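Here is a short briefing to read alongside the model.

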Amino acid sequence: MRNKTTKPNDGKATGEDVCAGHALGFPMRAELGFLPIESITLDVFRCLCEVYTTGSAQPWEIAMKEAEEKLGTGEGPVLVARVTALLRALRSERKIGFSYLSVGCQHVSPDELAVSGLLKAARARDESALERGLKLALDGPQASVRTQFAVRALASLQLQHTTSGADIHADADSHELQKQTVQSLYLH
């Protein structure tokens, strides 16, 4: 699913400039209280999904550039590597593809929401929510050690880039993220 508009993604879609996320009624990052590190991670995730969809290296280059601009040349590539490790682990265990939107789109697809909730649970060290999140993200009963390690490693990196622990203990925790469901299209 790609947001083809060239206009700024401020969430105020009008007329023919409605993006796919808006058209499908997906929630917006601001409504979900995304932290800056969560937004960067989501955009990197989207770029890497695009790499798998197109086979092009250009989205990978965009992911590296965005991550380095936001986190620096030391941490940016580490974020891309950890998101890659998570995406590879999820793809190896998941029976169906991912729904995802374009980089910068302010809406969040159901699969992106599931992965975001999973990472939030791992950052909060909420094992029960982590287990439920893995089941939701994988559409299956048991996650491998590889997937669990990838989730924890990425969540640990995200935790280093939060300004406070407030996101972990907020009322809109992973339970709220998991409650939101919307129709989705699976592309690959």
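Predicted model: local features only at pLDDT ≥ 70, side-chain atom pairs only at ≥ 80, totals over all residues.

## Cysteines, charges and confidence

C19 is buried, with a relative accessible area of 7%.

**Cysteines**

- The closest cysteine sulfur to that of C19 belongs to C105, and the gap is 3.8 Å, too far for a bond.
- A disulfide would need the two sulfur atoms within 2.5 Å, so the C19 and C105 pair does not qualify, with 3.8 Å between the sulfurs.
- C49 is also buried, at 1% relative accessibility.
- For the sulfur of C49, the closest cysteine sulfur is in C47, 9.5 Å away, which is again too far for a bond.
- The disulfide count for the structure comes to zero.

**Salt bridges between separate helices**

- Side chains of opposite charge can pair when their charged atoms come close.
- How many salt bridges does the structure hold? The count is nine.
- One of them pairs R29 with D43, whose closest N and O atoms are 2.7 Å apart.
- That pair links distant parts of the chain, with R29 in helix α2 (residues 29-32) and D43 in helix α3 (residues 36-54), 14 residues apart.
- Are the two partners buried or exposed? R29 is buried, with a relative accessible area of 4%, and D43 is buried as well, with 13%.
- E112 forms a salt bridge with R46, and here the closest N and O atoms are 2.7 Å apart.
- This pair also links distant parts of the chain: E112 lies in helix α5 (residues 110-123) and R46 in helix α3, 66 residues apart.
- Both E112 and R46 are buried.

- K70 and E66 meet through their side chains in a salt bridge, at 3.3 Å from N to O.
- The two residues sit four apart in helix α4 (residues 58-93), so about one helical turn separates K70 from E66.
- K70 is partly exposed, with a relative accessible area of 48%, and E66 counts as partly exposed too, at 25% relative accessibility.
- Salt bridges that share partners join R29, D43, R46 and E112 into one network.

**The chain as a whole**

- Along the sequence, the pattern of elements reads α-α-α-α-α-α-α-α-α.
- The chain has 188 residues, and 45% of them count as buried.
- Take the contacts between residues at least 6 apart in sequence: 74% of these join residues at least 24 apart.
- The chain exposes about 9500 Å², and carbon and sulfur atoms supply 53% of that area.

**Where to be careful**

- The average pLDDT of the chain is 81, and 77% of the residues score at least 70.
- Over residues 1-16 the pLDDT stays under 50, and the model has 27 contacts for this stretch beyond four places in sequence.
- Residues 165-188 also have a pLDDT below 50, and this stretch has 55 contacts in the model beyond near neighbours in sequence.

Note on methods
Residues numbered from 1 in each chain as written. Heavy atoms only, no water. Salt bridge = Lys/Arg side-chain N within 4 Å of Asp/Glu carboxyl O. Buried < 20%, exposed > 50% of the residue type's maximum accessible area, 1.4 Å probe, protein only. Contact = heavy atoms within 4.5 Å. Areas by Shrake-Rupley, 256 points an atom, 1.4 Å probe, with all protein chains shown as cover. pLDDT = per-residue confidence, 0-100.
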